[in-house]
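This briefing goes through one structure by topic. Please look over the sequence and the 3D view before reading on.

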Amino acid sequence: MKKSQLRKIIRESIKSLMTEQQQTEPGTRYTLSTCSGQYHGIAQCIPDSFFGGSPVAVGHTFTLGYPPHPGNQGGVKDVYVISVDNSCGWYESSGNTYPVNAPTSAQIAPGPLNSCPNAPAAPLSCPGCNGGNYTWGNMQNWQNNFTTNMQNASWFNAPNQPCQFLNARITQWESIQAGLSNCNAYHNALTCKIKYVDAILKPQYSC
């Protein structure tokens, strides 16, 4: 065998091995939108290593670079995650076509970005009940009154009660929390209410 042929075989073997390794790198398929609102529903498989080894959540913002493809001249774009779809085997994509697998050259900045006008607001990450800067001083009185009023209600012994009532209260308090913009005293009080109902009352009534 000629040396040139041997070198060619070695190159092809190395290329094949690299491709196989790249194809086995764990990734996650996301549906994305641009922060500008210009493009919506972009499907991309991105290696988890780009985000430090773990998938990111809905609302996460980052930057990708796109090659030209039909209907788009390409370029660097700030995006946010609409949905986290499923795991995928990421590999290095090549060529100038719109990639389903985001190539290394497209992975610009893992984020989060300082600004992304159309992205949904990230949920608050607040301390647990009385675990931060606020302590709910009236908590014990509220717990006693809440339990007494519930037990004295005319519907207390009705079918599916009091579980239906307790679940509805938790849903209501969580909805209120979702509309708050900071971890204030009110947010803390709601967290304490949820904890009391979820950890004490629901198990007590086998909910």
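Which residues in α2 meet Phe165, Leu166, Arg169 and Trp173 in α3? They are Trp142, Phe146 and Met150. The model is a predicted one. The points below take the helices in pairs, then an aromatic pair, the sheet, and some backbone features.

**Helices α2 and α3**

- The axes of α2 and helix α3, which spans residues 163–178, come within 12 Å and cross at roughly 135°.
- The crossing in which α2 passes α3 is right-handed.
- On the α2 side of the contact are Trp142, Phe146 and Met150, and on the α3 side are Phe165, Leu166, Arg169 and Trp173.
- By class, the residues of this contact of α2 with α3 comprise 6 nonpolar, no polar and 1 charged.

**Helices α2 and α4**

- Helix α2 (residues 139–152) and helix α4 (residues 185–204) have axes that come within 11 Å and cross at roughly 55°.
- With this angle, α2 is oblique to α4.
- Where α2 passes α4, the crossing is right-handed.
- From α2, the residues Met139, Trp142, Gln143, Phe146, Thr147 and Met150 take part in the contact. Their counterparts in α4 are Cys192, Lys193, Tyr196, Val197 and Leu201.
- The contact of α2 with α4 is made up of 8 nonpolar, 2 polar and 1 charged residues.

**Helices α3 and α4**

- Between α3 and α4 the axes come within 10 Å, and the crossing angle is roughly 160°.
- The two helices α3 and α4 are therefore roughly antiparallel to each other.
- In contrast to the right-handed crossing of α2 with α3, α3 passes α4 in a left-handed crossing.
- The α3 residues in this contact are Leu166, Asn167, Ile170, Trp173, Glu174, Ile176 and Gln177. They meet Tyr186, His187, Leu190, Thr191, Lys193, Ile194, Val197, Asp198, Leu201 and Lys202 in α4.
- Sorted by class, the contact of α3 with α4 has 9 nonpolar, 4 polar and 4 charged residues.

**Aromatic pairs**

- The whole structure contains 12 aromatic pairs.
- One of them is Phe146 with Phe165: the ring centres are 5.7 Å apart and the planes lie at 25°, so the pair is stacked.
- This pair links distant parts of the chain, with Phe146 in helix α2 and Phe165 in helix α3, 19 residues apart.
- Phe146 and Phe165 are also among the residues through which α2 meets α3.

**The sheet**

- Five strands form an open sheet in the order β2-β1-β4-β3-β5, and the pairing is antiparallel.
- The edge strands, each pairing on one side only, are β2 (40–47) and β5 (107–109).
- On average, neighbouring strands of the sheet are turned by 45° against each other, direction ignored.
- Strand β1 (residues 25–34) is joined to β2 by 7 bridges, and the two run antiparallel. Leu32 has Ile42 in β2 as its bridge partner.
- β1 and β2 make a hairpin with 5 residues between them. In its turn, Gly37 has a positive phi of about 85°.
- Between strand β3 (residues 61–66) and strand β4 (residues 75–90), which run antiparallel, there are 6 bridges. Thr63 has Asp78 in β4 as its bridge partner.

**Backbone features in the loops**

- Most residues other than glycine have a negative phi, and most peptide bonds are trans.
- What is the phi of Asn160? Although Asn160 is not a glycine, its phi is positive, at about 70°. Asn160 belongs to the loop between α2 and α3.
- The loop between α2 and α3 also holds Pro162. The peptide bond from Gln161 to Pro162 is cis, with omega near 5°.
- Another cis peptide bond runs from Gly111 to Pro112, with omega near 0°. Pro112 is located in the loop between β5 and α2.

Conventions: Residues numbered from 1 in each chain as written. Predicted model: local features only at pLDDT ≥ 70, side-chain atom pairs only at ≥ 80, totals over all residues. Heavy atoms only, no water. Axes fitted to C-alpha atoms, helices over the stretch in contact; angles between N-to-C directions. Helix = DSSP H or I, 4+ residues; strand = E, 2+ residues; numbered from the N terminus. Parallel < 35°, antiparallel > 145°, perpendicular 65-115°, else oblique. Left-handed = near helix turned anticlockwise from the far one by under 90°. Contact = heavy atoms within 4.5 Å. Nonpolar A, V, L, I, M, F, W, Y, C, P; charged D, E, K, R; others polar. Pairing = 2+ DSSP bridges. Phe/Tyr/Trp six-rings, centres within 6.5 Å; stacked < 30°, edge-to-face > 60°.
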